[in-house]
Amino acid sequence: MTSAAFDVERIRKDFPILSRELPGGRPLVYLDSGNSSQKPAQVIETMREHFAQHYSNVGRAMHALGSESTEAFETARDKLADFIGAPSRDEVVFTKNASEGLNLVAYAFGNPAGEDPRFRMGPGDEIVISEMEHHSNIVPWQLLARRTGATLRWFPVTDEGRLDLSGIGDLVNERTKIVSIAHQSNVLGTVNPVAAVLARAREVGALMMLDASQSVPHHPVDVAALGVDFVAFTGHKMVGPSGIGVLWGRGELLEAMPPFLGGGEMIEAVWMDHSTYAPPPHKFEAGTPPIVEAIGLGAAADYLTSVGLEAVEAHERELTAYALDALREVPTLRVIGPGDTHERGATVSFTLDGIHPHDVGQILDDAFGIAVRVGHHCARPLHLRFGIPATTRASFYLYNTTSEIDALVRGLHHVQKVFS
Amino acid sequence: MITESMYQELILEHYKHPQGRGLREPFDAEVHHVNPTCGDEITMRVKLGDGGKVEDVSYDGQGCSISQAAASVLYELASGSSVEETLGVVDEFTRLLQGRGQVEPDEDVLGDAVAFAGVAKYPARVKCALLAWMAYKDALVRSTA
């Protein structure tokens, strides 16, 4: 689809919040979608309508509302399965977010409740992540290494902000049980070379997981085509609500994994001294799920599909090229991450000499209503790698415009004036 | 513009030209405090003299203009003063910053530190202003213990 077919002004009308004013009459310039995206009326209305007309618990209530709610909830699962090209709907596990999906998989390793050798883990075994990971894809593996005595290793990152694959032969080896990396970096915008890493993981018999929180909302993602074993992402970054995310896993692996949380809905039968478990995905969905959030996420998938992920991707590529160009004119501004749009998403992080990102963010917000994220963006090791405490991050989505990027550049000039 | 009430000229001046910055010898106690939400950090040393006199406050750190300027202002107020006096200023400064912008500051006690009154209206930034001051209080406790 060409960008001519993509009408950003029409898209913006779908997002009620984008037309609000901030106190002091400032227009809202929302450049923080990598943190959390805004919601279209279609998602808001679907959730409101479900609460107002159909709400009940799912999977257990034997009445009209229970059946309507269950139907809507399970239909949302179908929509998410279609959205990511899952070979089976039973491979779509609803979680509360991407962090839960990552923890769920990490918890399957070295777990006495599981018997599959692929998930056995102990001293001598290795886990591989990367230096550009969000804390969500670092800490669960650190905890796993602590529990099992396994060794945590990681890919370094190049000065340009790419995964450094030069040592992959040594890093991913016959001791590696799992490789888990970001599909797209939440700081650098870098889209990682999944196929190259996966090829090596397969050579040594390791499993591979992707943290796709920053890719699924912005690009067409087909889990079957990717060929990895697990993919985790969250709903609130893809125009859906918070409190709902997805773990996709290969069916036979989900079968082989032990449960994560125990509770209602994940069981087959319970005795006082033991239980048997429901098949996936329910095995991993203990307790009453975030019902309306899941239905809202289904509406979000519908919305993005109706716009077209190719069109979203093309629009974001234009915005990124425009931003990288425009930001180059700001004195002392240094982009942390790839300087062109090759294998790169619409997240641009940068530093300004002598001005701390918290001050940048504060002035952009207070003076111009520009919302960016400042800090280490839950990727502290990556910032340490670049020798900086923090960055300012602008992240774009389908509803952003080049005039908003112009506003950002004007705002940055003003920030520099305040601190000159 | 709302920010102008926070980024007072005095704060920007201290940020651009920090007073007393750098770690010095001798010292009685050294502390290191961080603000985990934003990564700001400060190392602070205190040297006390006879009669509860504060002979030197030295520090090094990194962070936003608010946190770094607060350390510089603290240095000016504390060095040459007494432990008792400075604890009074720390208490008043803390009361001001935690007052959600509703507290009328005592300018006689605070001196230049009154410039941080505007920061109190920004809950996310209060910790930035307090970082050095809490570190100082901690260092005093350790050096008199």
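I began with helix α14(A), listing its buried residues: E404(A), I405(A), A407(A), L408(A), V409(A), G411(A), L412(A), H414(A), V415(A) and Q416(A). The model is a predicted one. I then checked the length of α14, residues 402-418 of chain A. Its 17 residues, at 1.5 Å a residue, should span 24 Å, and the end C-alpha atoms are 25 Å apart, which agrees.

Next I looked up H315(A), which sits in helix α11, residues 309-327 of chain A. I noted H315(A) as buried because its relative accessibility is 9%, under the 20% limit. The H315(A) side chain reaches the backbone oxygen of N400(A) at 2.8 Å. Apart from neighbours within four places in sequence, I found H315(A) in contact with F6(A), V8(A), Y397(A), L398(A) and N400(A).

I turned to H377(A), in the loop between β16 (373-375) and α13 (380-385) of chain A. I recorded a polar contact at 2.8 Å between the side chains of H377(A) and T391(A). With neighbours within four places in sequence left aside, the contacts of H377(A) are H134(A), N186(A), V187(A), S349(A), H383(A), T391(A), T392(A) and R393(A).

Last, I went to the surface. I267(A), V270(A) and Y277(A) make a nonpolar patch of about 260 Å² there. Of these, I followed up V270(A), which lies in strand β11, residues 267-270 of chain A. I logged V270(A) as exposed because its relative accessibility is 52%, and exposed requires over 50%.

Key. Residues numbered from 1 in each chain as written. Chains lettered and ligands numbered in written order. Predicted model: local features only at pLDDT ≥ 70, side-chain atom pairs only at ≥ 80, totals over all residues. Heavy atoms only, no water. Patch = residues over 30% accessible without salt bridge, like charges linked within 9 Å, V, L, I, M, F, W, Y side chains within 5 Å. Areas by Shrake-Rupley, 256 points an atom, 1.4 Å probe, with all protein chains shown as cover. Salt bridge = Lys/Arg side-chain N within 4 Å of Asp/Glu carboxyl O. Helix = DSSP H or I, 4+ residues; strand = E, 2+ residues; numbered from the N terminus. Buried < 20%, exposed > 50% of the residue type's maximum accessible area, 1.4 Å probe, protein only. Polar contact = N/O pair within 3.5 Å; in protein donor to acceptor, adjacent residues only side chain to side chain. Contact = heavy atoms within 4.5 Å. Expected span 1.5 Å × (residues − 1).
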